[in-house]
Amino acid sequence: MKNRTDMAVEQMQSDFKYDVDRIIHGMHFKKIKVDEALAKKIKKKEGIYYTIDHLDYHYKAKDIVKLLETTLYDYLIQLNLKEKSDILVVGLGNDFVTPDALGPLVINKIEVNRHLENHPDQYNISALCPSVMGKTGMESKDIIQAIVDDFQPDLVIVVDALACRDAGRMCNSIQISTAGINPGSGIYNFRREISKETLGVDVLAIGIPTVSDIDSFIDMEDNYFVTPKDIDLAMDILSSIVAEGINRALRKK
């Protein structure tokens with residue numbers, strides 16, 4: 001499939017009406033509930049999709065963190081989780097490949113507390129980085145499933161790098177979705193789905209597009225992807241932003 005994308009917003013027609021569509025601190029925030037009919041039309045799973053576009057992460061990191069924190073916290077309120085519910089944060093990807101390292105970098109900055117007997121936080125937070133099949137010989141989904149079956153968390157938050165069709169979205173957008181995620185699908189490396197249907201627990205996926213199909217730039221059929229030249233700096237800053245947004249949302253009362 002030419003110009004594949006993980007971004008639901010890129011599958012929408014230009015005249016589509018979103019449930020929420022507004023500018024916040026210079027960022028474009030959109031929210032849409034994808035029902036069965038729309039899911040078939042845009043070829044995405046049913047669920048709620050939030051998109052934050054125009055991230056000026058060099059100068060507006062605090063604003064991005066605040067918007068991400070608010071979005072995550074609103075979702076947590078909808079779940080109506082009990083005090084001291086267990087939340088597992090999972091970072092997908094390969095820490096040796098910079099454009100794919102978002103998940104592992106975020107996990108390094110998540111403030112876990114599940115191992116503490118008496119902590120003052122709202123939830124019990126644990127974190128996991130299952131790496132990639134090429135390094136473990138196992139599907140990420142199977143590793144996560146084993147942890148879920150054992151610890152039985154009330155929510156799994158999955159962080160991963162995505163692919164986009166519009167090159168302008170690379171490191172410039174965040175997608176948050178209740179529909180789960182298919183690791184590697186954006187670059188034709190389809191792995192097992194990680195979602196509520198497959199894990200048996202609520203899943204919230206957070207992703208940032210870091211690569212774009214080369215077909216977005218030139219009219220040719222080729223299996224190559226491009227990434228920004230400052231991807232190292234971008235991953236360092238954006239992983240801190242995502243981790244801080246998660247940390248603040250999970251500790252907010």
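Me: How many of the residues in S6 are buried?
Reply: S6 is mostly covered, with 10 of its 10 residues buried. Buried means under 20% relative accessible area, exposed over 50%, and partly exposed in between (1.4 Å probe, protein chains only). Strands (E, at least two residues) and helices (H or I, at least four) are DSSP runs, numbered from the N terminus.

Me: Before I go on, what kind of model is this?
Reply: This is a predicted model: local features need pLDDT of at least 70, side-chain atom pairs count only at pLDDT 80 or more, and totals for chains, interfaces and linings use all residues. Residues are numbered from 1 along each chain as its sequence is written, and side-chain values use heavy atoms, with hydrogens and water left out.

Me: Back to S6. How many bridges join S4 to S6?
Reply: There are 5 bridges, and the two strands run parallel. Two strands pair if DSSP finds at least two bridges between them. Leu-88 stands opposite Val-156 in S6.

Me: And S8, in which sense does it pair with S6?
Reply: In the parallel sense, over 10 bridges. S8 covers residues 202-213. Look at Val-159: its bridge partner in S8 is Ile-206.

Me: What does Ile-206 touch?
Reply: Leaving out residues up to four places away in sequence, Ile-206 touches Leu-72, Ile-157, Val-158, Val-159, Asp-160, Ile-174, Gln-175, Ile-176, Val-242 and Ile-246. Contact means heavy atoms within 4.5 Å.

Me: Which residues touch the most other members of the largest nonpolar core?
Reply: Ile-206, Leu-238, Ile-246 and Leu-250, out of 44 residues in that core. Helix H7 (residues 231-251) gives the most to this core, with 10 residues. Apart from it lies another core, of 30 residues, among them Tyr-18, Ile-143, Val-156 and Ala-205. A nonpolar core is a set of buried Ala, Val, Leu, Ile, Met, Phe, Trp, Tyr and Cys residues joined through side-chain atoms within 4.5 Å.

Me: Switching to H5. Which of its residues are buried?
Reply: Ser-140, Lys-141, Ile-143, Ile-144, Gln-145 and Val-148 are buried in H5.

Me: What do they pack against?
Reply: The buried residues of H5 pack against strands S4 (86-92), S5 (124-131) and S6 (155-164), and against helices H4 (133-136) and H6 (196-199).

Me: How far apart are the end C-alpha atoms of H5?
Reply: They are 17 Å apart, which agrees with the 16 Å that its 12 residues should span at 1.5 Å a residue. The expected span is 1.5 Å times one less than the number of residues. Gln-152 follows H5, and its phi is positive, near 50°.

Me: Where else is phi positive?
Reply: His-25 has phi near 50°, a positive value in a residue other than glycine. His-25 sits in the loop between strand S1 (20-24) and S2. Lys-43 is another non-glycine residue with positive phi, near 60°. Lys-43 lies in the loop between helix H1 (36-42) and strand S3 (47-53).

Me: Is Lys-43 buried or exposed?
Reply: Lys-43 counts as exposed, because its relative accessibility is 63%.

Me: New topic: Glu-69. Buried or exposed?
Reply: Glu-69 counts as buried, at 5% relative accessibility. Glu-69 lies in helix H2 (residues 61-79).

Me: Which side chain does Glu-69 join in a polar contact?
Reply: That of Arg-248, at 3.0 Å. A polar contact is a pair of N or O atoms within 3.5 Å; within protein, one must be able to donate a hydrogen and the other to accept it, and residues adjacent in sequence count only if both atoms are side-chain atoms.
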